[in-house]
Protein chains: 4
Amino acid sequence: MRLSGAQGNMEQFKVKDPDFEKRVRDSFARQGFMDFIGAQITAVEPGYCEIQIPYRHELTQQHGYFHAGIIGTVADNVGGYAAFTLMEATSSILTVEYKINFLSPGRGELLIGRGRVIKPGKTITLCRCDVFVIDNAVERHCAAAQMTLMNMQNAPDAPQHMKP
Amino acid sequence: MRLSGAQGNMEQFKVKDPDFEKRVRDSFARQGFMDFIGAQITAVEPGYCEIQIPYRHELTQQHGYFHAGIIGTVADNVGGYAAFTLMEATSSILTVEYKINFLSPGRGELLIGRGRVIKPGKTITLCRCDVFVIDNAVERHCAAAQMTLMNMQNAPDAPQHMKP
Amino acid sequence: MRLSGAQGNMEQFKVKDPDFEKRVRDSFARQGFMDFIGAQITAVEPGYCEIQIPYRHELTQQHGYFHAGIIGTVADNVGGYAAFTLMEATSSILTVEYKINFLSPGRGELLIGRGRVIKPGKTITLCRCDVFVIDNAVERHCAAAQMTLMNMQNAPDAPQHMKP
Amino acid sequence: MRLSGAQGNMEQFKVKDPDFEKRVRDSFARQGFMDFIGAQITAVEPGYCEIQIPYRHELTQQHGYFHAGIIGTVADNVGGYAAFTLMEATSSILTVEYKINFLSPGRGELLIGRGRVIKPGKTITLCRCDVFVIDNAVERHCAAAQMTLMNMQNAPDAPQHMKP
């Protein structure tokens with residue numbers, strides 16, 4: 001299931017950096033935490049990002065389900081990278097805040113987060129994110145988030161010494 | 001620094017279960033994710049909970065600071081367990097939602113989360129949580145959250161088969 | 001523009017009270033504040049509600065645009081009544097909380113709020129709401145909200161003495 | 001009751017404009033909506049603002065209590081003006097977003113909102129706001145909000161033509 005945003009269908013966002021996908025995937029690869037929890041980035045499109053995390057005992061809360069912190073992490077990251085796809089090559093991105101509702105227990109074998117830009121802006125970008133859990137091959141809506149991102153211009157995401 | 005809640009000073013909450021601290025610590029110990037990220041519960045009082053996480057590379061975002069997902073995890077857990085201190089022995093707790101603002105980068109050697117109940121309720125409890133980062137021995141306010149918890153009565157947090 | 005919810009298209013919600021539209025409109029009519037600010041309910045469907053408010057100087061902030069408080073009021077009400085359409089005849093509804101982002105100034109001649117249920121629940125229902133402003137006949141996305149509602153069973157919305 | 005913020009006690013904020021109180025009160029006076037609903041600004045201090053609204057039938061929801069939209073309006077305004085006290089004379093302020101929890105019904109004769117800055121920033125300021133209702137002379141905590149404000153530099157709040 002691919003959800004549409006507030007716009008009903010993915011509006012055609014203008015990309016400022018044609019290499020946005022590489023920029024997103026490179027940034028993701030530098031997040032030690034993503035590797036640690038086994039997260040993979042499974043889709044990057046203008047204004048859209050998808051991340052998946054397979055179940056492991058290390059990611060659980062007290063009932064053995066995906067921990068809310070993992071669900072929030074996924075929501076945060078798909079929203080941040082969805083917004084990041086639309087930024088200039090020389091910008092980095094900052095999560096100002098997000099709000100997340102937990103709709104059903106994180107019980108299942110795979111977590112899928114989908115973030116989409118609702119309104120891009122020069123400084124502030126709004127995203128809505130949804131997290132689903134695959135439980136015995138059935139997808140269930142697990143969490144819904146709304147988040148505010150800030151474009152930090154002239155502050156490249158990649159460390160300078162990593163640049164050729 | 002111990003922050004006060006909306007009440008200006010920690011109001012005297014009535015505890016329904018005298019064994020609340022054991023109940024909170026047992027539940028925390030069953031969360032595989034807490035062990036995985038090296039989180040420790042450092043204070044449990046009526047309507048209050050504190051958790052600490054030392055820095056590790058595995059917990060970082062792309063700039064090498066604590067990942068927002070870890071900061072959100074801490075906020076979620078201290079709020080949840082602060083509320084849990086005031087519940088009946090036979091209740092479990094559900095995070096309905098939270099909202100978190102990121103106030104400064106998670107750069108430092110230790111993360112400290114402090115959650116406190118603002119208004120306990122039969123069904124719905126409101127908490128405010130603050131996360132601090134210790135950076136070269138100086139404490140900085142890193143994130144501020146407000147969260148809604150739900151009391152699930154007659155649904156014990158501990159698995160039945162673990163009971164004597 | 002009719003926005004779809006997280007479900008991509010309005011899923012077929014099951015209505016528990018066939019008289020839901022009358023119940024919603026009656027409740028709306030009892031809100032003194034709606035009459036005071038000139039709000040009209042312009043659509044009521046299962047899991048959906050739309051409200052419109054024409055511009056008046058009395059509804060403005062310091063720059064002469066619709067006040068954020070009015071925009072928030074519209075978001076709150078369309079979300080609340082969207083959820084209310086799916087409840088039993090004997091229930092009333094409580095806004096637990098909402099979060100709203102302001103995307104562009106409330107400058108224009110008409111405010112339109114659209115609320116839709118994302119996930120109905122026995123106790124907790126989640127809605128997403130969007131507010132648009134019509135500015136010289138062009139619709140602009142003005143605010144986006146996400147809200148948590150609670151079903152108060154056996155607590156009818158209408159005062160008992162109004163019943164025949 | 002005067003609530004303290006996350007800092008436990010009101011930290012000494014540095015004021016950039018010594019005429020901040022006049023600037024806040026002038027801006028408030030230009031909001032047509034505040035006059036319309038009978039709101040009065042009852043305190044303005046560095047990083048702090050208080051607003052009161054007496055009960056009137058025109059401000060009610062379907063049960064005759066203060067409408068959530070009015071409660072949200074108060075929260076929004078006290079937070080915005082608390083942040084505005086700390087800004088430059090040449091800045092205006094923008095509400096990026098807020099989140100509000102409703103803790104008890106708005107039943108009573110007077111609504112009091114109190115907003116305080118938790119963390120001021122060059123661009124982004126965080127406030128926490130609390131709304132109380134006076135019910136038969138007893139104060140009850142009615143709503144709790146957390147909000148994000150943005151400093152719009154070199155964009156004076158007052159219309160240019162109003163300046164001498």
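Colleague: Before we start, what puts two residues in contact?

Modeller: Their C-beta atoms, placed from the backbone, lie within 7 Å. The model is predicted, so local features need pLDDT of at least 70 and side-chain atom pairs count only at pLDDT 80 or more, while totals for chains, interfaces and linings use all residues. Residues are numbered from 1 along each chain as its sequence is written, with chains lettered from A and ligands numbered from 1 in the order in which they are written.

Colleague: OK. How many residues does the contact take from chain A and chain B?

Modeller: 29 residues from chain A and 29 residues from chain B. On the chain A side, the elements giving two or more residues are α2 (32-36), α3 (68-84) and β3 (92-102). Helices (H or I, at least four residues) and strands (E, at least two) are DSSP runs, numbered from the N terminus.

Colleague: Which element gives the most there?

Modeller: β3(A), with eight residues.

Colleague: And how do the residues on that side divide?

Modeller: Nine nonpolar, 14 polar and six charged. Nonpolar covers Ala, Val, Leu, Ile, Met, Phe, Trp, Tyr, Cys and Pro; charged covers Asp, Glu, Lys and Arg; the others, Gly among them, are polar.

Colleague: Why say the copies meet through the same surface?

Modeller: Because 100% of the interface residues of chain A are also interface residues in chain B.

Colleague: Which strand of chain B does β3(A) join?

Modeller: β3(B), residues 92-102, antiparallel, through five bridges. Asn101(A) stands opposite Glu97(B) there. Strands count as paired if DSSP finds at least two bridges between them.

Colleague: What sheet does that belong to?

Modeller: An open one of twelve strands, with antiparallel pairing. The order is β1(A)-β2(A)-β4(A)-β5(A)-β6(A)-β3(A)-β3(B)-β6(B)-β5(B)-β4(B)-β2(B)-β1(B). β1 (40-45) of chain A and β1 (40-45) of chain B are the edge strands, each pairing on one side only. The twist averages 20 degrees from one strand to the next.

Colleague: Stay on chain B. Which strand does β2(B) join?

Modeller: β4(B), residues 110-119. Seven bridges link it to β2(B), residues 48-54, and the two run antiparallel. Tyr48(B) stands opposite Arg116(B).

Colleague: And where does helix α1 of chain B lie?

Modeller: Across β1 and β2 of chain B, at about 160 degrees to β1(B). Angles run from 0 to 180 degrees between N-to-C directions, with axes fitted to C-alpha atoms, for helices over the stretch in contact. Helix α3 of chain B packs on the sheet too, touching β3 of chain A among others, and its direction makes about 40 degrees with that of β4(B).

Colleague: Switching to chain C. Is α3(C) buried or exposed?

Modeller: Mostly covered: 17 of its 17 residues are buried. Buried means 20 or more other C-beta atoms within 10 Å of the residue's own, exposed means 12 or fewer, and partly exposed is in between, with C-beta atoms placed from the backbone.

Colleague: What about the β5(C) and β6(C) pair?

Modeller: They pair in the antiparallel sense over twelve bridges. Thr125(C) has Leu149(C) as its bridge partner in β6(C). The two strands form a hairpin with two residues between them, and Asn136(C) in the turn has a positive phi of about 50 degrees.
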